[in-house]
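Please open the model in your viewer and keep the sequence panel beside it. The tour below moves from one selection to the next and says what is to be found at each stop.

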Amino acid sequence: MFRYEITVIGEVQRIGYRYFVSTEARKLNLTGGVKNIQAGNVEITAEGEKDILENFVNILKTKHKRARIDDMKILQTEITKKEFSDFNIVF
């Protein structure tokens, strides 16, 4: 099991991107959260199996029609148990 800490850099605020991230994460049974951060970027923490997390990252890069993704920074950590029980939008 892994935890991905993802920073999505680009035009991803005020377009429903956090809702999109949350919906896609829940479809994949991932746990964690998503929040807006400074400079108009988004920070995501997602926990699950590596192959599912890789699929999630690909979805984040390509499936939102209004988002412009300039870069993604991903920190991968192997974990023994989940910290989160659900996937939430953090306000």
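**First stop: V8 and its surroundings**

Select V8 and display its contacts, a contact meaning heavy atoms within 4.5 Å; once neighbours within four places in sequence are set aside, V8 touches Y17, N41, V42, I44, I69, D71 and M72. This is a predicted model, in which local features need pLDDT of at least 70 and side-chain atom pairs count only at pLDDT 80 or more, whereas totals for chains, interfaces and linings use all residues. Residues are numbered from 1 along each chain as its sequence is written, and side-chain values use heavy atoms, with hydrogens and water left out.

**Second stop: the nonpolar core**

Next select I6, V8, Y17, V21, I44, F56 and L60, which touch the most other members of the largest nonpolar core, a set of 23 residues. A nonpolar core here is a set of buried Ala, Val, Leu, Ile, Met, Phe, Trp, Tyr and Cys residues joined through side-chain atoms within 4.5 Å, where buried means under 20% relative accessible area, exposed over 50%, and partly exposed in between (1.4 Å probe, protein chains only). Colouring β1 (2–11), α1 (17–27), β3 (41–48) and α2 (50–62) shows elements that each supply at least two residues of this core, and α2 provides the largest share, five residues.

**Third stop: the whole chain**

Now switch to a cartoon view, in which the protein has two helices and five strands; helices (H or I, at least four residues) and strands (E, at least two) are DSSP runs, numbered from the N terminus. From the N terminus on, their order is β-α-β-β-α-β-β. Among contacts between residues at least 6 apart in sequence, 79% join residues at least 24 apart.
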